[in-house]
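Subject: Structure handover

Dear colleague,

I am passing on to you the structure that follows, together with some notes on what was found in it. Please look it over first, and then read on below.

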Amino acid sequence: MNTQNSYDTIQEIRSRMGSRLTIMGHHYQHETVIRHTELRGDSLELARKTSQVDAEHIVFCGVYFMGESSALLARHGQKIYLPEPDANCVMSQMAPAERADRVLTALSGRGRRIVPLTYVNSSVAVKAVVGRHGGSVCTSANARTMLEWAFAQGDAVLFIPDKNLAANTADALQIPFEKRHILNIRQNGAAIDFDAADRADLLMWPGCCAIHARFNLRQIATMREAHPGCRIVVHPECSPDVVRQADAAGSTSFIIRYTEEAPEGSTVVVGTEINLVERLAAQYAGRKTVLPLLESACSHMNSVTEEKLAATLTAVENGTCAPVMVPLEMQDNARVALERMLQACA
């Protein structure tokens, strides 16, 4: 199926299915995919919108854990589909559920109540572990609110899996460095320095986003030299050094608003996934200059294509598309973890 045929197929099926179908897409999707979506946003926005959608069929253009979260929050009778079920996330793979459970159990066994908080970029299995241990979920948009929530629930917090988002949120809350500790999770948790962990209020899983880990201080210096007066905005999955040197940091929705509110004629340098940066550059062409801090692309997000979306919609219409299925034994605990977030951020 060529590009034009895929485009036509998508439009025809959308027209035939009408209100029975909704297509959602994350901001990091390529323009050829995102142009077909009725709803787009970051993880928190889309999680909230799932239960508000009337459509029976929801096709989620994003990586697998986003489809899982949507399936958990869907109403009875709604079905969630992924155009590319194998679209993964390097960061989520850094936190296997079995190891997270083992580490949490070991830390909690030392007498303190350790409340886990997992970034939404994690598997449903990890969300279920977190929910069972009394914790919740966060996104880059609400990490500060949810970290405060987690501290109010116990003696210390384990933040999974992104050490950069954890550190940047800790900076925002002015948590002293001596009260933070990055865990050594090797050997299934046997390598943890428990004495250091006991002294910390914030325990951080040593994961990170491969896309945002590419941004560095040298790139910022180069951009400031080449574009005097430019404004640099980055995602909080970037390293703390990069966040401190930027003019602003925030979620994808924050970055979109920051660019929108920048003065006419200004230059905005953006440190996040390239699909969003290129979309902003096209949107404000002739009014503002939007440049990437570095062209950093997520291969997993880009594995969702217009051709795969067309094939998925064809199968949905024919009744042959397999919906996202969350294992029964994980559903309750994972849903509880997500609902705690939605309630805390209502």
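A residue is called buried when its relative accessible area is under 20%, and exposed when that area is over 50%. Please keep in mind that this is a predicted model, and that every value below was computed from it.

With that cut-off in hand, Thr 259 counts as buried, because its relative accessibility is 0%. Thr 259 lies in helix H13, which covers residues 252-261. Leaving aside residues up to four places away in sequence, Thr 259 touches Val 268, Val 270, Leu 280, Tyr 284, Lys 288 and Val 290.

Turning to the protein as a whole, there are 16 helices and 13 strands, and buried residues account for 55% of the 346 residues. The radius of gyration is 21 Å, which agrees with the value near 20 Å that a compact globule of 346 residues would have. The C-alpha trace spans about 60 × 55 × 35 Å along its principal axes. The accessible surface amounts to about 14,500 Å², and 48% of that surface belongs to carbon and sulfur atoms. As for contacts between residues at least 6 apart in sequence, 67% of them join residues that are at least 24 apart.

Four strands form an open sheet in the order S2-S1-S3-S4, and their pairing is parallel. Strand S2 (39-41) and strand S4 (79-81) are the edge strands, since each of them pairs on one side only. On average, neighbouring strands of this sheet are turned by 20 degrees against each other, with direction ignored. Within the sheet, strand S1, made up of residues 21-26, pairs with S2 in the parallel sense over three bridges, and His 26 stands opposite Gly 41 in S2. In general, the strands of a sheet pair through backbone hydrogen bonds, either parallel or antiparallel.

Finally, a word on aromatic rings: the structure holds two aromatic pairs. In the pair formed by Tyr 64 and Phe 65, the ring centres are 5.9 Å apart and the planes stand at 80 degrees, so this pair is edge-to-face. Tyr 64 counts as buried because its relative accessibility is 15%, and Phe 65 likewise counts as buried, at 1% relative accessibility.

Technical notes: Residues numbered from 1 in each chain as written. Predicted model: local features only at pLDDT ≥ 70, side-chain atom pairs only at ≥ 80, totals over all residues. Heavy atoms only, no water. Helix = DSSP H or I, 4+ residues; strand = E, 2+ residues; numbered from the N terminus. Buried < 20%, exposed > 50% of the residue type's maximum accessible area, 1.4 Å probe, protein only. Contact = heavy atoms within 4.5 Å. Pairing = 2+ DSSP bridges. Axes fitted to C-alpha atoms, helices over the stretch in contact; angles between N-to-C directions. Rg over C-alpha atoms; globule rule 2.2 N^0.38 Å. Areas by Shrake-Rupley, 256 points an atom, 1.4 Å probe, with all protein chains shown as cover. Phe/Tyr/Trp six-rings, centres within 6.5 Å; stacked < 30°, edge-to-face > 60°.
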